[in-house]
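Open the model in a viewer and keep the sequence panel beside it. The stops below are meant to be selected in order.

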Amino acid sequence: MKAIFDKFSVTFFVFLILAIVLTKVPIVGNYVQIINTVIHESGHALIALLGGKVEKISLFVNTEGVTYSTQSTWAGAFFTSLAGYVFSSLMAFLAFWLIGKKYYRILISLLLILIGLNLGLWVRNGYGVFWLTTFAAGFILLLFKGSPSFINTVLLLIASILLVVSITSSYDIMIISFIRPESAGDAGNLGKLTKFLPVQFWGIFFFLQAIWFSWMGVKKGIFKLEK
């Protein structure tokens, strides 16, 4: 047990609690959680581009998002549907890894690239444009004006939000796949595509992959933070 706790730092738990509390605050909570939505929908879009076309992405104030794409093959539709939750979990892992290495500029640049792609190519609805514009402005100010300690604080909070929401959203889709399978989003799409694997299988898969990425973070020591 001690070996497990040695993989964490007090700082990690402080920011994890802050992230959980912040996501529960009315209006502000939804606003900050959209960062995970952008990453999730970007995962769909980037994979869709490999064999199809992205029509548009919509981001909504309730933290939901939709990627409208067309695919010419079964495999394209399958991997596009698979990509959203996996990409969110991967980015949460990568964010903590980059922070641990003090690669702050790389992390900010990655997030700005995703925001720029969405703003320039895909997102056209009012709230989506508003969110992308304000977050992009914040990241640019952070990149050029923020002190190292302030940048570290902001990025740790964002990484913690990504971690929390990547797990809770995948848990939610797992539960929905059992109680309202017709409303299970990506899991529902995969259930229709695979047929022999039901919606519930994919709901469980999405939750387990989020846990797996988190466990890999523990094993790699990326939540230790303090050196």
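**Before selecting**

This is a predicted model, in which local features need pLDDT of at least 70 and side-chain atom pairs count only at pLDDT 80 or more, while totals for chains, interfaces and linings use all residues. Residues are numbered from 1 along each chain as its sequence is written, and side-chain values use heavy atoms, with hydrogens and water left out.

Helices (DSSP runs of H or I, at least four residues) and strands (runs of E, at least two) are numbered from the N terminus.

**Stop 1: the largest pocket**

A pocket is an open set of points on a 1 Å grid over the protein atoms alone, with protein on both sides within 12 Å along at least five of seven lines; its lining residues have an atom within 4 Å of a point. A volume is the space filled by probe spheres set on the points, which are joined across faces, edges and corners.

Select H40, E41, E64, G65 and Y85: of the 34 residues that line the largest pocket, these lie nearest its centre. The space in this pocket is about 1000 Å³. Then colour α2 (10-24), α3 (28-48), β2 (65-71), α4, α7 and α8 (185-194), each of which supplies at least two lining residues. Which element gives the largest share of this lining? It is α7, with seven residues.

For the make-up of a lining, Ala, Val, Leu, Ile, Met, Phe, Trp, Tyr, Cys and Pro count as nonpolar, Asp, Glu, Lys and Arg as charged, and the others, Gly among them, as polar. The lining of the largest pocket has eleven nonpolar, 18 polar and five charged residues.

**Stop 2: the second largest pocket**

The second largest pocket holds about 220 Å³. Select F135, F139, L142, V154 and I158, the closest to its centre among the 13 residues that line this pocket. At least two lining residues come from each of α3, α6 (126-145) and α7.

**Stop 3: the cavity**

A cavity is a set of grid points where a 1.4 Å probe fits but cannot get out.

**Stop 4: aromatic rings**

A pair of aromatic rings is described by the distance of the centres and the angle of the planes. Rings of Phe, Tyr and Trp (its six-membered ring) pair if their centres lie within 6.5 Å; planes under 30 degrees apart count as stacked, over 60 as edge-to-face and the rest as tilted. The model has 23 aromatic pairs.

Select Y31 and F130, a tilted pair at 6.5 Å centre to centre with 55° between the planes. Y31 is in helix α3 and F130 in helix α6, 99 residues apart, so the pair links distant parts of the chain. Relative accessible area (1.4 Å probe, protein chains only) is called buried under 20%, exposed over 50% and partly exposed in between. By this scale Y31 is partly exposed at 23%, and F130 is partly exposed at 45%.

Move along α6 to W131 and F135, which are four residues apart, about one helical turn. Their ring centres are 4.1 Å apart and their planes at 15°, so the pair is stacked. W131 is buried at 0% relative accessibility, and F135 is buried at 13%.

Next, select W74, F78, F79, Y85, F201, W202, F205 and F206, which ring pairs link into a cluster. Finally, show K56 and Y68: K56 lies over the face of Y68, at 5.1 Å from the ring centre. The rule for a charge over a ring is NZ of Lys or CZ of Arg within 6 Å of the ring centre and within 35 degrees of the ring normal.

**Stop 5: helix α8**

In α8, select D186, A187, G188, L190, G191 and T194, which are buried. The cover over these buried residues includes α3, α4, α7 and α9, with contact taken as heavy atoms within 4.5 Å. After α8 comes K195, with a positive phi near 65°.

**Stop 6: two loops**

Most residues other than glycine have a negative phi. I27, not a glycine, has a positive phi of about 70°. I27 sits in the loop between α2 and α3 and is exposed, at 73% relative accessibility. T63 is not a glycine either, and its phi is positive at about 85°. Look for T63 in the loop between β1 (52-59) and β2; at 21% relative accessibility, T63 is partly exposed.
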